[in-house]
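Hello,

Here is the structure I said I would pass on. My notes on it follow below the model.

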Amino acid sequence: ENTPRISEFKTVTSQSELMFLKSQLNPHFLFNVLNNANILIDEEPDTASRILMKLDELITYQMKDSTRDKVYLHADINFLNDYLELEKTRSNRFSYTIEAAPDVNNLEVYPLLFIPFVENAVKHSLSAKGESIINIVFTREQDYLYFRCENTIPSVPVKHKSGGLGLNNIKRRLDLLYGSTYTLNITEQENKYIVELWLKI
């Protein structure tokens with residue numbers, strides 16, 4: 001007799017958990033970007049203004065567009081691009097590429113699925129000496145969307161205080177959204193960290 005109510009409770013709980021997991025973007029990023037803009041505002045006001053406009057687009061997307069159940073992939077890619085452009089203002093030895101096959105742009109995906117992997121890539125890549133590089137690829141493989149994020153890593157491991165919280169969150173969110181219809185592979189090579197994700201579409 002209680003089965004429908006238990007099922008409803010589980011659904012509501014899952015939805016609440018998903019909203020919580022989706023809302024978590026790194027606050028340190030926000031503070032760093034605002035600090036950069038503050039430093040530049042006197043000597044390079046145009047650059048500071050451009051940074052703040054990008055930040056506004058980023059926050060608007062996170063707060064408004066991403067509350068939708070699904071978004072077009074190109075919207076999420078634009079979000080990643082804005083994020084990486086802002087990260088680029090923090091380091092002159094940081095570069096990135098985002099490649100998206102034409103047939104993936106209008107695929108509908110759950111919003112903000114990829115940003116935790118990209119944030120993680122930035123965090124570890126910027127710890128590396130020399131050039132810091134992130135390469136992101138989106139392609140379609142039959143009934144799956146394939147996402148690859150590759151970043152340079154330091155030759156000597158750097159301990160990060162924030163641990164793997166972001167990664168645990170995204171794995172939990174993928175479990176709730178996709179169940180057994182996704183595959184996540186993470187491999188670490190000598191100077192490279194690679195995330196590969198296949199999502200059923």
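Strand 5 (residues 144–152) is mostly covered, with seven of its nine residues buried, where buried means under 20% relative accessible area, exposed over 50%, and partly exposed in between (1.4 Å probe, protein chains only). Strands here are DSSP runs of E with at least two residues, helices are runs of H or I with at least four, and both are numbered from the N terminus. This is a predicted model, in which local features need pLDDT of at least 70 and side-chain atom pairs count only at pLDDT 80 or more, while totals for chains, interfaces and linings use all residues. Residues are numbered from 1 along each chain as its sequence is written, and side-chain values use heavy atoms, with hydrogens and water left out.

Strand 5 has pairing partners, two strands being paired if DSSP finds at least two bridges between them. With strand 4 (residues 132–141) the pairing is antiparallel, over eight bridges; T139 has Y146 in strand 5 as its bridge partner. These two strands form a hairpin with two residues between them, and Q142 in the turn has a positive phi of about 55°. Strand 5 also pairs with strand 7 (residues 192–200) in the antiparallel sense, over nine bridges. There, E150 is bridged to I194 of strand 7.

Now to the helices. M53 is in helix 3 (residues 45–63) and is exposed, at 53% relative accessible area. Its C-alpha atom is separated by 9.9 Å from that of D82, 29 residues apart along the chain. L34, in helix 2 (residues 27–40), is partly exposed, with a relative accessible area of 39%.

Regards
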